[in-house]
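Colleague: Could we go through the cavities and the aromatic contacts in this model together?

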Amino acid sequence: MLKQKPGQRLAFLPEVDAEHLAACLVALANGDGGLIVLGLNENGRPVNDIWEEEAEGALLEAARLCRPPVPTQWQQVETPQGTLIGIEVPRSTDLHTLDDGRVLVRSGTANRPLTGDEVRNLANSKNTAEYETELVPGARYTDLDTSIVQDYLDRREQRGQGRTLSARELLFEIGATDRNGHPTTIGILLFARNPQMFFPQSGIVFVKFPGTEPRGEDGGIGYGRRDEIIGPAARVIERTWNIIFEEMRVGATVNQLEREELLEYPRFAVREALVNAVAHRDYRIQGRRIEIRMYANRLEIISPGGLPGYMTLDNLVEEHFSRNPRLVNGLYQWGYIEELGLGIDQMIEEMTQAGHKPPDFKATPHLFTVTLHNKRQRQPTPKWTKSMNERQTRALTYVRENGSITNREYQKLCPNVSAETLRLDLVDLVDRGILLKIGSKKGTHYILK
């Protein structure tokens with residue numbers, strides 16, 4: 001994790017301060033867990049030598065500030081700069097608060113207090129967190145596919161996680177079985193030969209319509225293609241992607257005398273929407289599967305279950321919360337998820353850079369829908385009006401030539417202008433609908449909308 005920048009699952013604390021440490025403990029435990037490293041500044045550089053006795057005392061004091069106390073695991077973190085102290089915080093099934101009553105979660109590199117509605121939604125999600133490890137009635141160890149288990153073990157080793165446990169021991173460790181080998185919900189979803197025998201709702205339905213409405217070519221109810229995709233989660237993703245790819249229109253463009261494939265939708269955007277649907281749907285909802293509807297002008301991915309925890313459409317890009325953390329981790333080991341919290345951000349960027357409008361997101365209490373539009377347009381020409389200052393003109397020229405601009409790059413273009421003035425310039429361009437803001441904190445950059 002130290003190869004990453006501080007964010008939703010990684011916090012650097014330059015000083016050993018019990019109050020700051022307690023805030024990080026609560027924020028990480030209420031989310032997807034993470035790691036706190038002591039003695040590093042926000043850039044990951046050592047600034048203080050932290051003694052173990054000092055850190056242990058601060059951790060004990062921080063634990064007294066958390067309600068209930070947050071379970072932690074002490075560890076030494078080896079870095080090129082030496083050995084540092086790390087505190088691993090697992091995702092908790094409890095709702096944690098500080099002693100003053102605040103409920104915090106990680107938002108970027110900050111610890112954000114939740115509103116009343118967000119607290120209630122998070123509490124409801126915590127109450128269902130054990131669903132993944134519930135035993136499945138009637139399921140036996142022999143229902144698991146040994147070839148899929150072996151593939152999972154091989155992928156873990158490829159990611160640098162050495163294998164010291166037997167397959168049975170590892171399945172118990174990740175929550176896929178109990179000590180006696182009886183499969184749990186997550187064990188069936190990830191490794192069963194036929195998960196749909198136990199969870200019929202765990203498959204995907206793909207439907208292609210010839211027009212822009214759910215009708216057949218004659219105008220009546222009908223479709224051009226319909227597939228039901230079944231199997232364990234990783235195989236469902238693979239098979240569904242292959243079907244979508246088969247049905248996508250493929251064109252070509254010539255760039256510097258080389259022919260480049262031009263897909264109807266960017267690969268990453270489709271893959272991310274598909275993986276998110278499988279990883280984050282609510283598997284407790286029976287009678288409805290994930291639906292993928294391909295129309296002439298759009299692709300809809302409809303996932304049962306609203307946004308989990310404290311997630312809303314407003315914080316969808318900046319924050320992350322997993323309804324099914326063990327399933328997410330399993331798909332991470334298979335290579336379908338690279339890093340938590342970055343996919344939506346990149347999906348938006350991939351779509352806009354390819355000339356499409358950004359994805360549409362729609363959330364209801366029981367459904368979450370991602371819509372990708374395939375209408376491709378030339379990048380819009382900025383409106384060079386008299387009301388636009390010279391600095392903004394230079395910024396837009398830079399974006400058109402380089403694809404994006406950051407605050408730091410803008411400051412290099414205008415070195416004699418204050419950072420706050422330049423920030424307001426970019427805010428103005430976003431408000432006008434000329435630029436689109438991507439990311440947050442130090443990862444913020446701007447592209448043409």
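Modeller: What follows is a short talk about cavities, ring pairs and charges over rings. This is a predicted model, in which local features need pLDDT of at least 70, side-chain atom pairs count only at pLDDT 80 or more, and totals for chains, interfaces and linings use all residues. Residues are numbered from 1 along each chain as its sequence is written, and side-chain values use heavy atoms, with hydrogens and water left out.

Colleague: How many cavities of 30 Å³ or more does the structure hold?

Modeller: There are two of 30 Å³ or more, where a cavity is a set of points on a 1 Å grid over the protein atoms alone at which a 1.4 Å probe fits but cannot get out, and a volume is the space filled by probe spheres set on the points.

Colleague: And what lines the largest cavity?

Modeller: Its volume is about 50 Å³, and its lining residues (those with an atom within 4 Å of a point) include L189, P195, Y283 and L327. By class the lining has seven nonpolar, three polar and no charged residues, with Ala, Val, Leu, Ile, Met, Phe, Trp, Tyr, Cys and Pro counted as nonpolar, Asp, Glu, Lys and Arg as charged, and the others, Gly among them, as polar.

Colleague: What about the second largest cavity, which classes line that one?

Modeller: That cavity, with a volume of about 30 Å³, has two nonpolar, three polar and three charged residues in its lining, and among the lining residues are R9, D32 and R106.

Colleague: Switching topic, how many aromatic pairs are there?

Modeller: A search of the whole structure finds seven, a pair being rings of Phe, Tyr and Trp (its six-membered ring) with centres within 6.5 Å, called stacked with planes under 30 degrees apart, edge-to-face over 60 and tilted for the rest. The ring centres of Y152 and F191 are 5.2 Å apart with planes at 80 degrees, so this pair is edge-to-face.

Colleague: Where do those two sit, and are they buried or exposed?

Modeller: Y152 lies in helix α4 (residues 146-158) and F191 in helix α6 (residues 185-191), so the pair ties together parts 39 residues apart in sequence, helices being DSSP runs of H or I with at least four residues, numbered from the N terminus. Y152, at 1% relative accessibility, and F191, at 0%, both count as buried (under 20% relative accessible area, with a 1.4 Å probe and protein chains only).

Colleague: Which residues join them in a cluster?

Modeller: Ring pairs link Y152 and F191 with W334.

How values were computed. 1 Å grid on protein atoms, 1.4 Å probe; cavity = no way out; pocket = protein on both sides within 12 Å on 5 of 7 lines; lining within 4 Å. Buried < 20%, exposed > 50% of the residue type's maximum accessible area, 1.4 Å probe, protein only.
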